[in-house]
Structures are given as structure tokens and as C-alpha cells.
Amino acid sequence: MIVVMKPGATQPQLDHVIERIEQLGLRSHVIVGTERTVVAALGEKRDGAKQALETGEGVEKVVPILAPYKMASTEVRKEPTRVDVLKLKVGAGHIGVIAGPCSVESKEQILQVAEMLREAGATALRGGAFKPRTSPYSFQGLKEKGLELLALAREKTGMAIVTEVMASEHVAMVGKYADILQVGARNMQNYPLLEAVGESGKPVLLKRGPSATMDEFLLAAEYILKSGNTQVMLCERGIRTFEEHVRFTLPLATVPYLKQTTHLPIVVDPSHGTGKASLVAPMAVASVAAGADGLIIEVHPEPEKALSDGYQSLTPAAFVKLLAECRKVAVALGRSM
Ligand code: PEP
Ligand code: MN
């Protein structure tokens with residue numbers, strides 16, 4: 001349920017509503033809007049709760065939240081959420097660009113590409129240190145050494161660091177080095193991990209599972225939001241279909257659909273979403289046209305030598321061209337990038 005306060009409701013009236021919600025065995029979450037304050041009452045439905053809250057002073061009305069996800073829903077918060085980390089801004093009219101190699105491979109590789117990307121205009125650096133690989137015999141990442149190299153790259157470039165955390169027990173360690181915790185597609189429904197990244201208080205990039213529905217995706221985000229961590233970005237990275245010309249199928253209708261259902265920013269990953277370097281730039285441009293709030297792009301100084309996902313990685317020069325094309329579309333649509 002959402003308790004909508006009257007315009008000009010006082011702090012003691014608000015405190016009283018929060019107390020009533022908690023007495024009813026529900027969790028309260030206050031959202032201060034530009035026009036009025038609303039309090040979401042979250043938890044199992046309780047008989048009589050609506051009536052009990054409606055009589056509170058300063059309360060205008062109590063309305064049910066219809067969507068299964070609550071805090072992620074535009075029913076609870078209408079204003080778009082913006083994720084703001086160092087120079088990276090994603091959402092509310094600003095398109096953020098995260099770029100970097102699939103994996104951190106060496107000091108030279110990450111520092112070289114970070115510098116090139118910063119110059120090109122990316123504001124966040126991606127790079128996997130813990131890699132979820134389909135085969136246990138593939139390169140698994142440099143682990144903590146990779147995290148140290150990412151932190152060094154931040155020191156040198158000022159870019160925010162985005163890196164994947166694969167297990168709950170690694171959240172504290174990864175959080176020590178990273179600015180944004182990525183939850184990978186394979187872990188979208190790892191609920192203890194979602195709760196742990198929520199409790200870390202760090203901004204989160206949540207990738208859509210390749211077979212997850214929109215409701216499952218939003219309910220996964222809800223696990224993070226319910227801890228009070230509101231800095232969550234949703235990332236469409238492609239789904240599994242019968243198609244063979246691409247690694248995954250990138251469904252861009254996800255972007256306008258999520259814009260209608262959630263206030264959270266939507267990032268698109270056309271690298272994993274296509275699996276082919278030649279398809280990445282056109283799909284990045286299309287993502288911006290569809291309304292994406294951010295892009296995450298794999299870029300490697302020498303894609304043919306990459307230890308993972310080289311076939312879908314752009315050269316720094318191709319990335320510069322991609323950004324120039326995306327910017328034209330962003331500007332035409334009245335957004336900054
Ligand atoms: C990645 O970003 O390198 C990655 C493994 O992504 P996903 O979880 O979307 O497969
Ligand atoms: Mn990758």
C-alpha cells in the first residue's frame with residue numbers, strides 16, 4: 001500500500017504514520033517527492049491496515065500497489081531515479097557510458113584501455129576480476145589482483161569502477177575496490193547475493209537473466225531495493241532464443257516497457273546482447289533511440305588477443321565512432337550524454 005500524505009503534512013504526522021505502519025508489522029519506506037511525500041507500507045497484506053492508516057492525521061489517501069514489485073514500481077515513485085557515482089550519471093535525462101574489457105588481464109591492458117576510454121568520453125570503467133565462465137577450463141579472472149588493478153585505474157583516470165561480484169561472501173571484498181557492483185545474468189535470481197549487495201549500500205548494476213521475464217527481473221531488483229539501497233540500474237543484456245546469427249537476442253522493447261513500469265534507470269549491453277563486434281554500434285545507437293539511460297560496452301586494446309569475449313569487443317577507435325553516433329541521437333532526442 002501507499003500512504004499519500006497531504007501537501008504540507010508535518011513531520012510529526014509523517015512520523016506517526018511510520019509508527020502505525022510498523023505497529024501493523026509492515027516495513028515503511030518514505031519517498032519525498034517534489035509535490036508531496038508518500039510512504040510505502042511493504043509486507044504481507046494485513047486485514048484492516050488500509051482503514052487503520054487512512055484515519056491518520058495528514059493522510060490524504062491510502063492506495064494499494066498493484067504491481068508485484070513495490071519499491072521498483074512507478075506506482076510508488078514517479079520521478080526517475082538517477083544513479084550518480086563519481087563522474088558517472090545514469091538516468092533522469094542523462095545517458096551514462098560504461099566501457100572496458102570483459103576481463104581485467106594485466107596492469108598494462110587495463111591502464112592503457114582506461115586512459116583511452118576516459119579520453120573518448122566514457123565516465124565509468126568496466127572489467128571483470130571474478131568471471132562467470134561457461135567452462136571451468138576458461139580464464140576465470142585475476143580475482144583480487146584484478147580488483148587492485150581496477151582501483152589503480154580509478155586512481156589514474158577518476159573513472160568509476162564497475163565489476164562483477166559472483167558470491168555473497170565476496171561482496172565485502174569487491175565492495176572495498178569497486179564503485180558499482182555488477183550482478184551478472186547468471187546470478188539474477190541468486191537471492192542471498194541480491195540481499196548482500198543491497199545491504200552493502202553500493203550502487204548496483206543488475207543484469208537480466210537470459211530467460212527471466214520482466215516481472216522476475218523487477219522482483220530481483222526489489223530484493224536489492226528492500227534493504228534501502230535505491231541506487232540500482234537494470235541492464236538488458238539479451239535473452240536466449242532460437243536465433244543463431246547472434247549470441248543472445250537483444251530485445252529493445254524492454255527499454256520503453258521498463259520506462260513505463262519502473263523509475264530505475266535502464267542500461268543496455270549490446271556487447272553480450274549480440275556477441276558480434278560488428279553489431280554492437282548499430283544496437284548501441286538503437287538503444288539510445290529507444291530511451292536507454294546508459295550503455296555498457298566491451299572495449300579491448302587488442303580484441304583478437306582478449307582472454308574473454310574478444311569477438312564482441314570493440315577497438316578503442318571503434319568505440320570513439322560508436323559514441324559519436326550515439327551522441328547525435330541523444331542530442332536529437334533532447335538528452336545529454
Ligand atoms: C560480463 O559483463 O562480462 C558478463 C559476464 O555479463 P553477463 O552476466 O551479462 O553475461
Ligand atoms: Mn563479457
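Modeller: Donors are N, O and S atoms within 2.8 Å of the metal. Keep in mind that this is a predicted model.

Biologist: Okay, so which residues coordinate the manganese ion (ligand 2)?

Modeller: Cys102 through SG, His272 through NE2, Glu298 through OE and Asp309 through OD, at 2.1 to 2.4 Å. Water is not among the atoms, so a site may look incomplete.

Biologist: What spacing do the donors of the manganese ion (ligand 2) follow along the chain?

Modeller: They read C-x169-H-x25-E-x10-D. Cys102 sits in the loop between E7 and helix H3 (107-120), while Glu298 belongs to strand E14, so this pair ties together parts 196 residues apart in sequence.

Biologist: Are Cys102 and Glu298 buried or exposed?

Modeller: Both are buried. Asp309 is buried too, with a relative accessible area of 7%, and the cut-off for that word is under 20%.

Biologist: Where does Asp309 lie?

Modeller: In the loop between strand E14 (294-298) and helix H11 (316-332). Check its backbone as well: Asp309 has a positive phi of about 55 degrees, although it is not a glycine. Ala92 is another non-glycine residue with a positive phi, near 55 degrees. Ala92 is in the loop between strand E6 (88-90) and strand E7 (96-100), and at 39% relative accessibility it counts as partly exposed.

Biologist: Now the strands. How should I read their pairing?

Modeller: In general, strands of a sheet pair through backbone hydrogen bonds, either parallel or antiparallel. Here, a closed barrel of 8 strands runs E7-E8-E9-E10-E11-E12-E13-E14, with parallel pairing. From one strand to the next, the twist averages 25 degrees.

Biologist: How many bridges join strand E10 to strand E11?

Modeller: There are 3, between residues 180-183 of E10 and residues 204-207 of E11. Leu181, for instance, has Val204 as its bridge partner in E11.

Biologist: And what about helix H8, which strands does it lie across?

Modeller: Helix H8 (residues 254-261) lies across E12 (232-236) and E13 (266-268), running at about 170 degrees to E13.

Biologist: Last one: how do I read a nonpolar core?

Modeller: Think of buried nonpolar residues joined through side-chain atoms within 4.5 Å. The largest one here has 80 residues, and Leu206 and Phe319 have the most contacts inside it. Helix H7 (residues 214-225) gives the most to this core, with 7 residues. Apart from it lies another core of 14 residues, including Ile180, Leu205, Met233 and Val267.

Biologist: What does Leu206 touch?

Modeller: Leaving out residues up to four places away in sequence, its contacts include Val183, Met188, Phe217, Ile224 and Leu234.

Definitions and conventions. Residues numbered from 1 in each chain as written. Chains lettered and ligands numbered in written order. Predicted model: local features only at pLDDT ≥ 70, side-chain atom pairs only at ≥ 80, totals over all residues. Heavy atoms only, no water. Helix = DSSP H or I, 4+ residues; strand = E, 2+ residues; numbered from the N terminus. Buried < 20%, exposed > 50% of the residue type's maximum accessible area, 1.4 Å probe, protein only. Pairing = 2+ DSSP bridges. Axes fitted to C-alpha atoms, helices over the stretch in contact; angles between N-to-C directions. Contact = heavy atoms within 4.5 Å. Donors = N, O, S within 2.8 Å, 3.2 Å for Na, K, Ca; no water.
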